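Dear colleague,

Please find below the structure that I am handing over to you.

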Amino acid sequence: MSDHIEQQEAMPPITTWDSENGAIVQVRIPLPFSLRWVNAYLLQGEEGWTIVDPGLRTPQAEVAWEAVLGHFGIEAANAYHIVLTHYHPDHLGMAGLLQQQLDVPVLLSETGWRHAQMLWGEEQSMTERMVSFMRLHGVPAAEQEQLREHMDSFIPLVSPLPDVTYFTDGQVLTFGGRTWRAIETAGHAPGHMSLFDEQHGTLLAGDHVLPQISPNVSLLPNSDPAPLHSFLQGLHQLLALDIRLALPGHRHPFTHVRARIEELVRHHEERLDELEQLLATPRTGYELCAQLFGTVGKLSVHQFRFAMGEAIAHVAELERRGRAVRIEEVGAEHETPSLSWRAAVQV
Ligand SMILES: [Zn+2]
């Protein structure tokens, strides 16, 4: 393979949006998952360059960034900051390395940083918590072990973690010749921030609203106890805005924002109804997951973790609305306690 072709392959696809209002560059940073890529956004203003959500740290992403920084001439002297909509590894992973190269602040919400610390910080505790959480929800031992390995496999993909500067709900940030208001839209990720440029109707949506894909909403141990409620609240907040262009974390920017939000709300309400029917018989989170999505074997461990989180987030929402009742069994000594649900109203 010639150098020329390798160079071309290193450069990820780039698309420019909304040029009349100050261009926003979409860069498709490769991902080794079925999502295929994450969108990083580049905005240039008088203050310098801003990078939003630089992606997962993989060798392919490093090569891609080298090409992108070279192409736009971005370096420490003209870089302003890196903004993270949320802490998920496919958005945050490259931030530490780019921070070292460009010597810039990395902005993330405090809640997001607390979760990054729980997952990959020095005293990380999420792997163990996740394994006992899965046990509580009926996941068999072999699958618990696969999960443990899977969780730890992300550490190199987010290292080094960045030094973070917090930003908060309602804070106004100025970059790329635009004024952005941060709006906390949790549910997909605790502390997730969407950024809205009201003057031009442009939303940096992170993963809160995606076209084609329904953003994963998972219940996690030691985190938001009502993630689906938070997610739907976030969607309702966005419905009140006049959004003319949404720049999402995955797939492509889109304009049919209101219709997409309404579709997502409907999707979750339908899933809640479906789940309530399944609870005519008491079921654990694992059994619900198997009914809705399948288990490991049919799904990859990665997909299985999301599917379990999604099933439990929905049943927790049914419980919060008084439509499901939890059944806790403590079990005899040395036995694992277990948790299941049944419908509040038996039809
Ligand atoms: Zn995400």
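About 30 Å³ of space lies in the largest cavity, where a cavity is a set of points, on a 1 Å grid over the protein atoms alone, at which a 1.4 Å probe fits but cannot get out. A volume here is the space filled by probe spheres set on the points, which are joined across faces, edges and corners. The structure holds one cavity of 30 Å³ or more.

Please note that this is a predicted model, in which local features need pLDDT of at least 70 and side-chain atom pairs count only at pLDDT 80 or more, while totals for chains, interfaces and linings use all residues. Residues are numbered from 1 along each chain as its sequence is written, and side-chain values use heavy atoms, with hydrogens and water left out.

The residues that line the largest cavity (those with an atom within 4 Å of a point) include Asn39, Tyr41, Asp53, Leu204 and Leu247. Strand E3 (37-45), E11 and E12 each give two or more residues to this lining; strands (E, at least two residues) and helices (H or I, at least four) are DSSP runs, numbered from the N terminus.

E11 and E12 also belong to an open sheet of five strands, ordered E8-E9-E10-E11-E12 with mixed pairing; two strands pair if DSSP finds at least two bridges between them. At the edges are strand E8 (172-175) and strand E12 (245-248), each of which pairs on one side only. E11 (residues 202-206) and E12 run parallel and are joined by four bridges. Leucine 204 has leucine 247 in E12 as its bridge partner.

The protein chain is divided into domain 1 (3-270) and domain 2 (274-343), with bounds from an automatic or database domain assignment. Their C-alpha centres lie 28 Å apart. The contact (heavy atoms within 4.5 Å) takes 31 residues from domain 1 and 26 residues from domain 2.

The largest pocket has a volume of about 1,000 Å³; a pocket is an open set of points with protein on both sides within 12 Å along at least five of seven lines. Of its 45 lining residues, Leu35, His188, Asn216, His302 and Phe306 are the closest to its centre. Helix H11 supplies the largest share of the lining, seven residues. Because both domain 1 and domain 2 give residues to the lining, the largest pocket lies between them.

Yours sincerely
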